[in-house]
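Have the viewer open as you read.

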Amino acid sequence: MSKAQSAAQSAAGTAPGKGPGPGARPAFAGDLPNPYLPMPATVIEVINESPSIKTFRLVLNDERAMRDFHFEPGQVGQLSMFGVGESTFVINSPPTRKDYLQFSVMKAGENTAALHGLSAGDTVGVRAPLGNFFPYESMKGKDIVFIGGGIGMAPLRTLLLFMLDTRKDYGRIRLLYGARSPQDMAFSAELPDWLVRGDLETVLTIDREAEGWEHKVGLIPNVLLEMAPAPENCVAVTCGPPIMIKFTLQALEKLGFAPEQIVTTLEKRMKCGIGICGRCNIGDKYVCVDGPVFTLAQLKGMPNEL
């Protein structure tokens, strides 16, 4: 990050928080675990979110490691299927709820297909926490608008629930969540509660009409323009498919949001997670070290490789 970008982000109060850095791990008592070795964890629950998405709730097998595990909203972990591979997913349970660690996985390749075959009681490997995190401290006292699409709701969920658990620290909180169809929406069991909460304004949308659907119909950027959140003292946090993010960023800028007021996350570009393999670089930045959380101001300073 250039000094000019850093100063601009600090002035706007939305610079992403710094994570543990390459090779760093949770500060357990005694010797630190080897950052290359996954920590064994047991699946305690599997939730079928959609035909292509499953949510896994895990506990680390080492009770002390689980008790002392600390992470920030937006940090990620590597889930590994032994003998198959590993993939990066955001920890989408909030740090205010520590009975388990939650990861949501879209089936998209060999390792994710293997993960989708897991049942309660099975063992996986976890390397976490990795990366930086959402700048929730500098968001205090501000209005927040979340814009999520499909599986992109996963990283937003951790920050949303964290803010709801510390509600007095934040202003008006709005959520716009959309998917291609009702069946493609993740966290559907939680949506009814989000819709009726008095401290959260939730708008749901799908791309085209569906039988029985009682909410908005339209593409996320268009619905966002209809909602027209005011940019004054507000931070927008967005995540979803690349094409959705592209047009959502344009909509936010049209509404008057400055690049420093817009935050997104790129964890899907992460590979090793600790800055060793060099496969997640965008220009001179490494997503796993400098991200995965970035402001639009930071992204505008990078090569157009997204």
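Let's start with a strand pair: S1 (residues 39–50) runs antiparallel to S2 (residues 53–60), and eight bridges link the two. One spot to look at is Ala41, whose bridge partner in S2 is Leu60. Bear in mind that this is a predicted model.

Zooming out, the pair belongs to an open sheet of six strands, ordered S4-S3-S6-S1-S2-S5 and paired antiparallel. At the edges you'll find S4 (85–90) and S5 (101–106); each has a single partner strand, so one side of each lacks a neighbour in the sheet. From one strand to the next, the twist averages 40 degrees.

Now for the helix H4, residues 153–165. How many of the 13 residues of H4 are buried? The count is 12, so H4 is largely enclosed by the rest of the structure. The buried set includes Met153, Pro155, Arg157, Thr158 and Phe162, along with a run of leucines, Leu159, Leu160 and Leu161.

Under 20% relative accessibility counts as buried, so here is how they come out:

| Residue | Relative accessibility | Class |
|---|---|---|
| Cys234 | 2% | buried |
| Cys239 | 6% | buried |

As for disulfides, a search of the whole structure turns up zero.

Key. Residues numbered from 1 in each chain as written. Predicted model: local features only at pLDDT ≥ 70, side-chain atom pairs only at ≥ 80, totals over all residues. Heavy atoms only, no water. Buried < 20%, exposed > 50% of the residue type's maximum accessible area, 1.4 Å probe, protein only. Helix = DSSP H or I, 4+ residues; strand = E, 2+ residues; numbered from the N terminus. Disulfide = S-S within 2.5 Å. Pairing = 2+ DSSP bridges. Axes fitted to C-alpha atoms, helices over the stretch in contact; angles between N-to-C directions.
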